[in-house]
Amino acid sequence: MNIKDGVEKPSDGPVKKRWLRKPFGEKKMMLYLGSDHGGFALKQDIKTFLKKKNIAFQDLGTENEDSVDYPDYAQAVARKVAEKPSENRGILVCGTGIGMSIAANKVPGIRAAMIYDDYSAKMAHEHNDANVACFGGRTQKPHDVTRWIAIWLETPFAGDRHARRVHKISSIEKSGVKK
Ligand code: RB5
């Protein structure tokens, strides 16, 4: 930690190149989508937006508004993203986005962020290197969500001290539960 007198100082070390990921679109990445019934309609709007923007994606379900369990779709998307966690990305939608983010974050390598405004969309990638974005089909509007997706995809990871923090998250994951 690099904190002096309660004020955070920039890291002394050089920026680690491998943490400076290119913005979405410059690399070959795949975007995986998933929703439950509560997020189905918003997922359809997201797909329309992605097609318009020519962004490649794969929809892993659900296919309609019949009641399903969100952890199944969170797991499906998270596992695909975790195959290449620095390249692939995921978008998960349930009623609130909360259940999806809780479930997706159980998969090692996943940093799922609940995005709720322009600033959180930017920070989710710039600071947290979030590889999964979660939204609420019953709480958020399609025109906001698609704008936030564009911001999240276009913002590069800042690296440097944020890389150190993301590393620490990975360490927590690796350490498991010590009894
Ligand atoms: C399903 O009714 C609802 O619980 C789900 O979509 C989600 O909001 C959970 O977090």
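In this predicted model, helix 1 (residues 40-52) and helix 5 (residues 142-154) have axes that come within 10 Å and cross at roughly 50 degrees. Helix 1 is therefore oblique to helix 5, since an angle counts as roughly parallel when it is under 35 degrees and as roughly perpendicular from 65 to 115 degrees. The crossing in which helix 1 passes helix 5 is right-handed. From helix 1, the residues Leu 42, Asp 45, Ile 46 and Phe 49 take part in the contact, and they meet Pro 142, Val 145, Thr 146 and Ile 149 of helix 5. Sorted by class, the residues of this contact comprise 6 nonpolar, 1 polar and 1 charged.

Helix 5 also packs with helix 4 (residues 118-126), at an angle of about 25 degrees and with the axes 8 Å apart. Helix 4 is therefore roughly parallel to helix 5, because the limit for that description is an angle under 35 degrees. This crossing of helix 4 and helix 5 is right-handed. On the side of helix 4, Asp 118, Ala 121, Lys 122, Ala 124 and His 125 are in contact, and their counterparts in helix 5 are Trp 148, Ile 151 and Trp 152. The contact of helix 4 with helix 5 is made up of 5 nonpolar, 1 polar and 2 charged residues.

The table sets out the two packed pairs.

| Helix pair | Angle between axes | Distance of axes |
|---|---|---|
| Helix 1 and helix 5 | roughly 50 degrees | within 10 Å |
| Helix 4 and helix 5 | about 25 degrees | 8 Å |

The last topic is the ligand, and a reader may ask which residues surround the ligand. The surrounding residues are Asp 36, Gly 38, Tyr 70, Cys 94, Gly 95, Thr 96, Ile 98 and Gly 99. When this shell around the ligand is divided by class, it holds 3 nonpolar, 4 polar and 1 charged residues.

Methods. Residues numbered from 1 in each chain as written. Predicted model: local features only at pLDDT ≥ 70, side-chain atom pairs only at ≥ 80, totals over all residues. Near = placed C-beta within 6 Å. Nonpolar A, V, L, I, M, F, W, Y, C, P; charged D, E, K, R; others polar. Axes fitted to C-alpha atoms, helices over the stretch in contact; angles between N-to-C directions. Helix = DSSP H or I, 4+ residues; strand = E, 2+ residues; numbered from the N terminus. Parallel < 35°, antiparallel > 145°, perpendicular 65-115°, else oblique. Left-handed = near helix turned anticlockwise from the far one by under 90°. Contact = placed C-beta atoms within 7 Å.
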